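Here is a protein chain to look over, with its sequence and coordinates. Some questions about its fold and local geometry come after it.

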Amino acid sequence: MPAIRPITVYGEPVLHTRAAEVEVIDDAVRELVEDMYVTQEAARGVGLAAPQVGVGLRIFTWTFPDTQEAPNVGHVINPVLTLLAKPAQGDPDPHEDTEGCLSVPGHGFPLLRSDHVRVTGQRVDGELLDFEARGWFARIMQHEYDHLNGTLYVNRLEGKWARRWKRAQRAERLHVPGVTWLPGSDPDPFGHDAEDHDHAHGDGAQ
């Protein structure tokens, strides 16, 4: 039976290290994907990468109802992401461009992203995936893909938003390894109710 796994918090080394390719899709990988789905759901997230549950493998899941390009609920193993449009220039809009991350609990900061990407990879059943994502779905794909390369969205912040993150990081000691939270048991750090899938939070825009 799938199990909810603890979510690692900024400062845990697995979050800041490039994840390894999945070489064999075995029972452990299939179990991991199922656990990631239930963990993401319990966390009210729109995406979740394996390093966020402490596993340094190149896998992420998503749940996003507003896309026709790919399954609304899906996963990808060993993804490759290609930008099909450059990110917008200028200052991000704090209302339209704010992301959050389950591994940076309780915070949200604006960040400009490409609004059109291509993702290739495969599923646990061996099916090959090749789709394009636009808008918020493209943002989610970039957010989760970054996790597999040891980058969190807060590492991409610029200007005053980077400074605000650094202040929050110092104030809350968001650099100490060994910190986790358990969705469904610990208080929800974003304050959603059980029915809320807010695009500005969760993981992936998460």
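The questions and answers below concern a predicted model.

Q: In what order do the five strands of the open sheet lie, and which are the edge strands?
A: The pairing in this sheet is antiparallel, and the order is β2-β3-β4-β7-β8. An edge strand pairs on one side only, and this holds for β2 (47-49) and β8. Neighbouring strands are turned by 40° against each other on average, direction ignored. The edge strands are β2 and β8.

Q: Which residue in β8 is the bridge partner of V117?
A: Strand β7 (residues 116-122) runs antiparallel to β8, and seven bridges join the two. In their hairpin, five residues sit between the strands, and G126 takes a positive phi near 90°. The bridge partner of V117 in β8 is A133.

Q: Which residues of β8 make up its covered face?
A: Side chains in a regular strand alternate between the two faces of the sheet. In β8 (residues 128-134), the uncovered face holds L128, D130, E132 and R134. The covered face is made up of L129, F131 and A133.

Q: Is N78 buried or exposed?
A: N78 is placed in strand β4 (residues 73-83). Its phi is near 50°, a positive value in a residue other than glycine. The cut-off for buried is under 20% relative accessible area. Because the relative accessibility of N78 is 19%, N78 counts as buried.

Q: Is R173 buried or exposed?
A: R173 is found in the loop between α3 and β9 (180-181). R173 is a residue other than glycine with a positive phi, near 55°. Exposed requires over 50% relative accessible area. R173 has a relative accessible area of 55%, so R173 is exposed.

Q: Which residues does L152 touch, not counting those up to four places away in sequence?
A: L152 lies in the loop between α2 (135-148) and α3 (159-172). With a relative accessible area of 0%, L152 is buried. Leaving out residues up to four places away in sequence, L152 touches Y10, L15, H16, S103, V104 and H147.

Q: How many Å apart in space are L152 and L83, C-alpha to C-alpha?
A: In sequence, L152 and L83 are 69 residues apart. In space, their C-alpha to C-alpha distance is 18 Å.

Methods. Residues numbered from 1 in each chain as written. Predicted model: local features only at pLDDT ≥ 70, side-chain atom pairs only at ≥ 80, totals over all residues. Heavy atoms only, no water. Helix = DSSP H or I, 4+ residues; strand = E, 2+ residues; numbered from the N terminus. Buried < 20%, exposed > 50% of the residue type's maximum accessible area, 1.4 Å probe, protein only. Contact = heavy atoms within 4.5 Å. Pairing = 2+ DSSP bridges. Axes fitted to C-alpha atoms, helices over the stretch in contact; angles between N-to-C directions.
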